[in-house]
Every structure is written in structure tokens, then in C-alpha cells.
Amino acid sequence: MAAPARPLPSPDAAPLGLAGFGTTTFMLSFFYVGIDPSLTPAVFPVALFFGGVIQLIAGWVEFRQGSTFGATAFSSYGAFWIAYAVYGMAVEPRLPPDQVHIANGLFNLPWAVLTLYLTVATLRISGVLLAAFMCATVTFTLFTAANFMQSPGVFQWAGGFGFLTALIAWYASFAALINGTWGRHLVPTFPDPGKRLAHLAHHKSRPHSITASAGEKEAGDEYSGYRR
């Protein structure tokens with residue numbers, strides 16, 4: 001009797017999602033470091049499809065694989081890039097010209113906050129993601145400040161950090177793709193840089209979903225006890 005076929009490993013959506021984020025960020029950054037900002041609409045198609053739709057797909061795959069961080073990050077940034085494209089094409093042209101900078105600042109502000117707390121989560125994932133999200137946090141923060149202040153100099157700094165964010169995201173995508181296709185860690189990703197913080201939770205129970213009901217938590221505890 002022939003041996004049963006080994007199941008194929010689940011596909012890793014991270015290289016695709018990181019490529020979409022890095023590519024769109026790279027393109028957008030050009031328009032804040034010297035290239036005519038009126039050409040920014042050239043980014044919208046890439047933002048809508050590669051940065052947006054593709055990252056939403058990556059987020060969906062991460063949900064299926066049980067990756068809470070990957071699902072949250074890719075789905076959120078996929079929604080961001082779609083919203084950015086729609087905002088730029090349909091909303092911003094209709095705003096009062098003297099108030100556009102305020103609206104732009106308000107558009108970027110919550111994403112700076114979101115990226116900041118996602119950065120904390122990357123401490124238990126990899127050093128390369130920690131670096132990417134730290135740079136992304138700085139980028140969003142500078143974009144927010146630049147819009148509120150209407151400062152060309154701050155915009156240029158934001159664009160510079162945008163390039164750095166994109167390059168690190170591309171590196172992370174490259175590392176995940178190469179390591180996955182070769183089946184070994186050829187390209188370093190510096191896993192679990194915050195492992196020294198693990199001692200803070202040594203005597204804590206395993207976390208449940210923050211959205212789980214009391215009944216679901218009790219059932220989960222019983223199941224965990226049975227498995228042990």
C-alpha cells in the first residue's frame with residue numbers, strides 16, 4: 001500500500017503583504033522629498049490594488065492560519081491604502097482648500113496610534129518587523145505633524161522615513177520569501193527580540209481572546225486542562 005501523501009504546508013502570506021506595503025510606501029514617499037506633490041494621484045491605483053486589496057487578501061490568509069498579528073496588521077493596512085486612494089480621489093478635492101491640511105492630519109493621526117501599538121506586539125515576533133513598524137510609526141507621526149503644521153521640511157523628513165520603512169518592509173518580504181522557498185533560515189530576521197520580557201508572564205495563565213465570553217473562557221480552560 002502506498003504511503004499517504006504528506007499535506008502541503010500552508011502558504012505564508014507575509015511576503016505578499018509586506019511587498020504590498022513596502023511598494024506603496026516607497027512610491028508615496030517620492031512625493032514628499034522633492035517630486036511635484038500634484039503628481040501624487042499616480043500612487044492611487046497601486047495603493048488601491050497592491051497596497052489595499054492584496055494586503056486584505058494577505059490578512060484573510062493570516063486569519064485562516066491563526067496569526068492574530070498578521071491578520072490584524074495586513075487587514076488594517078489594506079483598509080488604510082484603500083481608504084487613502086478613495087480619500088485622495090473622491091474626498092480631498094471636495095474639501096475647503098484652507099482646511100485640507102487639517103483633514104489630512106486627522107486622516108493620518110489614528111494610523112500613527114495603531115502603528116505604535118502594533119510595534120509593541122512585534123517585540124515577540126522578529127527584529128526586522130520591529131524595525132519596520134518603528135519606522136512606520138515615525139513616518140505616520142511625521143506625516144500627521146507635517147499636515148497640521150503645513151511644514152515642507154517635516155514632509156521631507158516623513159518621506160525619508162517612508163523610504164526607510166519601505167526598504168525594511170521589502171527586506172522582510174525578501175527574507176520570508178527566500179527562507180520559505182529554501183526551507184531554512186538563510187536570510188536573518190532576528191526572531192523574538194523582546195524575549196527578555198517573557199519573565200513578566202511566567203506565572204500568568206494563557207490569554208484568551210479579549211472578545212471571548214465568560215462561557216467561552218471556561219470551556220477553553222477545561223479543554224486546555226484536558227489536553228494537559
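Buried means under 20% relative accessible area, exposed over 50%, and partly exposed in between, with a 1.4 Å probe and protein chains only. By that scale V113 is partly exposed, because its relative accessible area is 47%.

This is a predicted model, in which local features need pLDDT of at least 70, side-chain atom pairs count only at pLDDT 80 or more, and totals for chains, interfaces and linings use all residues. Residues are numbered from 1 along each chain as its sequence is written, and side-chain values use heavy atoms, with hydrogens and water left out.

**V113**
- V113 sits in helix α4, residues 100-121 (helices are DSSP runs of H or I, at least four residues, numbered from the N terminus).
- T137 is 24 residues from V113 in sequence, and their C-alpha atoms are 7.8 Å apart.

**The α5 and α6 pair**
- Helix α5 covers residues 127-149 and helix α6 covers residues 152-182.
- Their axes come within 8 Å and cross at roughly 160 degrees (axes are lines fitted to C-alpha atoms over the stretch in contact, and angles run from 0 to 180 degrees between N-to-C directions).
- α5 and α6 are therefore roughly antiparallel to each other (angles over 145 degrees count as such).
- The crossing of α5 and α6 is left-handed: the near helix is turned anticlockwise from the far one by less than a right angle.
- The contact of α5 with α6 holds 20 nonpolar, five polar and no charged residues (Ala, Val, Leu, Ile, Met, Phe, Trp, Tyr, Cys and Pro count as nonpolar, Asp, Glu, Lys and Arg as charged, and the others, Gly among them, as polar).

**Largest pocket**
- A pocket is an open set of points on a 1 Å grid where a 1.4 Å probe fits, with protein on both sides within 12 Å along at least five of seven lines; lining residues have an atom within 4 Å of a point.
- The largest pocket has a volume of about 770 Å³, taken as the space filled by probe spheres set on the points.
- Of its 35 lining residues, Y32, Y84, N104, N147 and F155 are closest to the centre.
- α5 gives the most to this lining, with six residues.
- The lining divides into 20 nonpolar, 14 polar and one charged residue.

**Second largest pocket**
- The second largest pocket has a volume of about 470 Å³.
- Its lining has 29 residues, with A14, L18, I125, S126 and L129 nearest the centre.
- Here α6 supplies the largest share, six residues.
- This lining comprises 18 nonpolar, nine polar and two charged residues.

How values were computed
Helices (H or I, at least four residues) and strands (E, at least two) are DSSP runs, numbered from the N terminus. Angles under 35 degrees count as roughly parallel, over 145 as roughly antiparallel, 65 to 115 as roughly perpendicular and the rest as oblique.
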